[in-house]
Structure formats: structure tokens, C-alpha cells
Amino acid sequence: MSAITATSDSKAKPRLAPLLATEAGRKVARRLLLLALFFAAWQWGAQEMPAFILPSPHRVWDVWLRLIQKPTFWDDLYTTSARVVVGFLIAAGVGTLLGLLMGVSRFFGDFLEPAVVVINTVSSTIWAIFALLWFGLSEATVVFVVFMTAMPLILTSVFEGTRQVNADYVELARSFRMTRGQILKKIYLPTILPQFFSGARLAFGFSARVVLIAETLGASSGIGYRLRQAADLVQTDQVFAWTLTLVVIILVIEYGVLKPLETRLFAWKKAVAD
């Protein structure tokens with residue numbers, strides 16, 4: 001009987017200590033602590049201020065639950081996501097081609113590099129104003145802003161990747177009479193791909209943020225438009241709810257899709273390093 005009791009106590013014993021003994025467990029604990037402190041500070045601030053300035057976490061959660069039950073919520077979510085994806089894909093195609101061209105050809109590299117520097121100095125807000133003047137209230141306005149934000153980041157990453165290609169390997173490939181396509185596939189692409197993926201992740205994150213600026217200024221639908229509407233009507237709880245939605249989407253894409261994909265694609269680099 002005593003043996004049975006001892007076994008039962010052992011099973012019921014909390015397993016928190018072994019979890020905290022690992023680095024991963026301590027990392028999770030630190031992040032949960034940070035999250036708890038954030039919500040505690042938010043709740044304390046909400047008690048000291050009016051709800052139209054800082055609504056409480058509970059109030060924002062209730063608003064968010066009501067928001068997702070509306071059909072317009074999913075329409076706006078789809079519209080914003082589609083704009084980000086379309087602008088990003090065009091930017092990825094154009095940026096990769098131009099980056100390769102600049103890296104492979106010294107003439108095009110010297111010719112286009114000043115233009116890339118100038119484009120990088122222009123902020124997304126200014127691109128949004130230009131787009132509004134050129135395209136008016138249309139889909140093109142939002143897609144253009146996403147494109148002009150993401151394209152230089154991808155182009156620069158691919159261009160920097162081509163600079164890391166070993167020139168001796170290229171000369172050796174030419175001595176074996178490999179075609180330009182074969183050199184691109186066998187030598188350039190394996191070197192460029194990690195740089196491209198790193199730049200694409202950064203560009204996608206920026207695209208998801210700047211699309212709100214573009215939708216706020218030049219669209220009549222989407223998350224940015226709803227944020228502007230809520231702000232105009234001083235519906236601060238809805239502003240927080242939409243912001244919460246965007247944060248969740250970005251975290252899911254970053255840690256649920258992009259990060260695992262990068263780990264899977266470039267597992268060979270870790271194996272080589274080991």
C-alpha cells in the first residue's frame with residue numbers, strides 16, 4: 001500500500017523543475033514572465049486612465065471577440081493579406097532579377113547602385129503619398145507602396161549574395177564550358193539563397209506593416225482602413241483589437257511559417273558547420 005502511495009505521489013509531483021533546468025525551458029519562462037509583466041502594467045494603466053485613452057485588456061478581448069464574428073472582419077483580413085502577398089511577390093521577382101543582374105554584370109552594378117541607394121532613403125509614407133497622387137484610391141496604391149518597400153530590401157540582399165560568390169569557382173566553371181544557366185544554378189543560387197531568404201523575411205515583415213499606412217491613406221477597405229475609421233470615432237478599444245489581430249498574424253507567419261521553413265531549407269548549413 002505504501003509503495004502504491006509513493007508511486008502515485010511521484011506521478012503527481014510537478015515537473016516544472018526539470019523543465020526549468022533546460023535552456024529552452026528557462027527561455028519560455030522568461031518570455032511568459034515578460035508577457036505577464038506587460039499585461040499587469042497594461043491593466044494598472046487602464047485603471048488609472050479613461051477607457052477612450054487606454055482600454056483594459058479584458059475590454060479589448062471582448063471587442064475582439066465581437067469583431068471576429070462580423071463577416072466584414074474576414075473580408076478586411078483577406079483584402080489586406082492579398083495586397084501584401086501580391087506586392088511582395090512582384091517585389092521578390094523584380095528585386096531578384098535586378099539583384100542578379102547587378103551582381104553578375106559590373107556595368108549594371110555600377111550603373112544601378114546609386115539608384116538603389118536613393119530609393120532606400122525614401123520612406124514608405126512618402127511612397128504612399130506619391131501612390132495616392134498617381135493612382136488615387138485604388139488597389140494599385142497599396143500594392144505599389146508594398147512593392148517599393150520590399151523590392152529594395154530583396155534586391156540588396158541578392159546583390160550582396162552575389163558578391164560572396166567565389167570568383168575562382170566561376171572561372172573554373174567557365175573553363176569546363178558550363179553555360180550561364182548552369183553557372184547560375186550550380187554556383188550562384190546556393191550562395192545567394194540564404195541571403196535572399198533573409199532579405200525576403202525582412203521585406204515581408206516590413207510589407208505587413210507599411211500596408212497599414214497605405215490603406216490608411218489610400219484605401220476604402222482592409223485593416224488599415226478600419227483602424228483609421230476606429231481612430232476617427234475615438235473607438236480606442238477597436239484600435240487595440242485590430243492591432244492585436246495584426247500582431248497575431250505577423251507572429252504566426254514569422255514563427256509558424258517562415259522560421260521553420262528557413263530552418264528546414266538551410267539545415268545543411270548547420271550540418272556542414274558541425
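How many helices and how many strands does the secondary structure of the protein chain come to? The count is 13 helices and zero strands, where helices (H or I, at least four residues) and strands (E, at least two) are DSSP runs numbered from the N terminus. This is a predicted model, in which local features need pLDDT of at least 70 and side-chain atom pairs count only at pLDDT 80 or more, while totals for chains, interfaces and linings use all residues. Residues are numbered from 1 along each chain as its sequence is written, and side-chain values use heavy atoms, with hydrogens and water left out.

View 1. Read along the sequence, the pattern is α-α-α-α-α-α-α-α-α-α-α-α-α. Of the 274 residues in the protein chain, 34% are buried. Here buried means under 20% relative accessible area, exposed means over 50%, and partly exposed is in between (1.4 Å probe, protein chains only).

View 2. H10 covers residues 180-218. If straight, a helix of 39 residues would span 57 Å at 1.5 Å a residue, but H10 spans only 43 Å between its end C-alpha atoms. The expected span is 1.5 Å times one less than the number of residues in the helix. Look for a kink of about 50° at Leu189, shortly before the proline Pro190. The bend at a residue is the angle between axes fitted to the seven residues ending there and the seven starting there.

**View 3. Helix H8, mostly covered.** In H8, 19 of the 25 residues are buried. There's a kink here too, of about 25° at Ala150, shortly before the proline Pro152. Even so, the end C-alpha atoms of H8 are 36 Å apart, which agrees with the 36 Å that its 25 residues should span at 1.5 Å a residue.

View 4. Rings of Phe, Tyr and Trp (its six-membered ring) pair if their centres lie within 6.5 Å; planes under 30 degrees apart count as stacked, over 60 as edge-to-face and the rest as tilted. By this rule there are 15 aromatic pairs. One of them is Phe38 with Phe39, an edge-to-face pair at 5.4 Å centre to centre with 75° between the planes. Trp134 and Phe144 are edge-to-face as well, at 5.8 Å centre to centre and 75° between the planes. Trp134 sits in helix H7 (residues 124-135) and Phe144 in helix H8 (residues 139-163), so this pair ties together parts that are 10 residues apart in sequence. Is Trp134 buried or exposed? Trp134 is exposed, at 52% relative accessible area, while Phe144 counts as buried at 17%. Trp127, Phe130, Trp134, Phe135 and Phe144 make up one aromatic cluster.

View 5. About 950 Å² of nonpolar surface is made by Ile126, Ile129, Phe130, Leu132, Leu133, Trp134, Phe135, Leu137, Ile213 and Leu217. Patch residues have over 30% relative accessible area and no salt bridge; like charges are joined within 9 Å, and nonpolar side chains (Val, Leu, Ile, Met, Phe, Trp, Tyr) within 5 Å. The areas come from the Shrake-Rupley method with a 1.4 Å probe, and for residues only the protein chains shown count as cover. H7 gives the most, with seven residues, and both H7 and H10 supply at least two each. Ile126, in helix H7, is partly exposed at 40% relative accessible area.

View 6. A salt bridge is a side-chain nitrogen of Lys or Arg within 4 Å of a carboxyl oxygen of Asp or Glu, and the whole structure has seven. Among them is Asp237 with Arg59, whose closest N and O atoms are 3.2 Å apart. Asp237 lies in helix H12 (residues 236-265) and Arg59 in helix H4 (residues 57-67), so the pair ties together parts 178 residues apart in sequence. Asp237 is buried at 13% relative accessible area, whereas Arg59 is partly exposed at 40%. Another salt bridge joins Arg83 to Glu215, with the closest N and O atoms 2.7 Å apart.

View 7. Arg163 and Glu160 form a salt bridge with their closest N and O atoms 3.6 Å apart. The two lie three residues apart in helix H8, about one turn of the helix. Glu160 is partly exposed, at 33% relative accessible area. Elsewhere, salt bridges that share partners join Arg83, Glu139 and Glu215 into one network.
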